Amino acid sequence: MFDFSRTWLPFIYLYGVGGIIFLLGMFLVLKSDSLNLKRRHHRIWLFILFLGFAWYVVIHSTVSLAALGYKSASAVIVLLFFFVMIFLYLVITSINRTDSA
C-alpha cells in the first residue's frame with residue numbers, strides 16, 4: 001500500500017493550489033465584468049466551469065481510490081456524484097425557466 005505522501009498529498013496540492021488559482025481567476029472575471037450574470041448563457045457557462053472543476057476532482061479521486069484497492073468506494077462516489085449532477089441540472093433548469101418566463 002502506498003503512503004499518504006505518495007498518493008493523497010499530490011492530490012491535495014493539485015486541487016488545493018489549482019482550486020485557489022481557479023477561484024482567483026473566476027473572481028477576476030467577475031470583477032472585470034467579463035461575465036454578466038444577468039445573461040442566461042453566462043450563468044450557464046459559470047455553472048459549467050465550476051461543475052467541470054468538480055468533475056475532474058471526483059474523477060481523479062475515484063481513479064486514485066480504485067488504484068489503491070477501494071473499488072466499491074469508487075463506485076459509490078461516482079454514483080453519488082451523478083445523482084448530485086442530475087439534481088443540480090434539474091435545479092438550474094427550473095431556475096432558468098422561471099427567469100425566462
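This is a predicted model: local features need pLDDT of at least 70, side-chain atom pairs count only at pLDDT 80 or more; totals for chains, interfaces and linings use all residues.
Good morning. Leaving aside neighbours within four places in sequence, S61 is in contact with W8 and F11. I begin with this serine, which lies in helix α2, residues 40–67. Is S61 buried or exposed? Its relative accessibility is 14%, and buried means under 20%, so S61 counts as buried.

Let me now turn to the chain as a whole. Its secondary structure comes to three helices and zero strands, and along the sequence the pattern reads α-α-α. The radius of gyration of the protein chain is 17 Å, whereas the globule rule gives 13 Å for 101 residues; the chain is therefore more spread out than a compact globule. Along its principal axes, the C-alpha trace spans about 55 × 30 × 10 Å.

How much of the chain is buried? Of its 101 residues, 19% count as buried. The accessible surface of the chain comes to about 7,600 Å², and carbon and sulfur atoms account for 74% of that area. As for contacts between residues at least 6 apart in sequence, 65% of them join residues at least 24 apart.

A word on confidence is in order. The chain averages a pLDDT of 85, and 96% of the residues score at least 70. Confidence is highest in helix α1, residues 4–31, at a mean of 92, and lowest in α3, at 80. Please keep the value for α3 in mind, as several of the residues that follow belong to that helix.

I return to helix α2 and to a second residue there, V58. With a relative accessibility of 14%, V58 counts as buried. Which residues does V58 touch, not counting those up to four places away in sequence? They are I77 and F81. Within the sequence, V58 and I48 are ten residues apart, and their C-alpha atoms are separated by 15 Å. V58 and S74, by comparison, are 16 residues apart in sequence, with 9.4 Å from C-alpha to C-alpha.

That brings us to S74, whose place is in helix α3. S74 has a relative accessibility of 6% and therefore counts as buried. Its contacts, again without residues up to four places away in sequence, are T62, L65 and A66.

Helix α3, residues 71–100, also holds I86. Here the relative accessibility is 47%, so I86 counts as partly exposed. Where does I86 belong on the surface? Together with L79, F83, Y89 and L90, I86 forms a nonpolar surface patch, and the five have about 570 Å² of accessible area together.

D33 has a relative accessible area of 64%; since exposed means over 50%, D33 is exposed.

To close, I would ask you to find these residues in the structure above. Thank you for your attention.

Technical notes:
Residues are numbered from 1 along each chain as its sequence is written. Side-chain values use heavy atoms; hydrogens and water are left out. Patches are made of residues with over 30% relative accessible area and no salt bridge: like charges are joined within 9 Å, nonpolar side chains (Val, Leu, Ile, Met, Phe, Trp, Tyr) within 5 Å. Accessible areas come from the Shrake-Rupley method with a 1.4 Å probe; for residues, only the protein chains shown count as cover. A salt bridge is a side-chain nitrogen of Lys or Arg within 4 Å of a carboxyl oxygen of Asp or Glu. Helices (H or I, at least four residues) and strands (E, at least two) are DSSP runs, numbered from the N terminus. Buried means under 20% relative accessible area, exposed over 50%, partly exposed in between (1.4 Å probe, protein chains only). Contact means heavy atoms within 4.5 Å. pLDDT is the predictor's confidence in each residue, from 0 to 100. The radius of gyration is taken over C-alpha atoms; the globule rule is 2.2 Å times the number of residues to the power 0.38.
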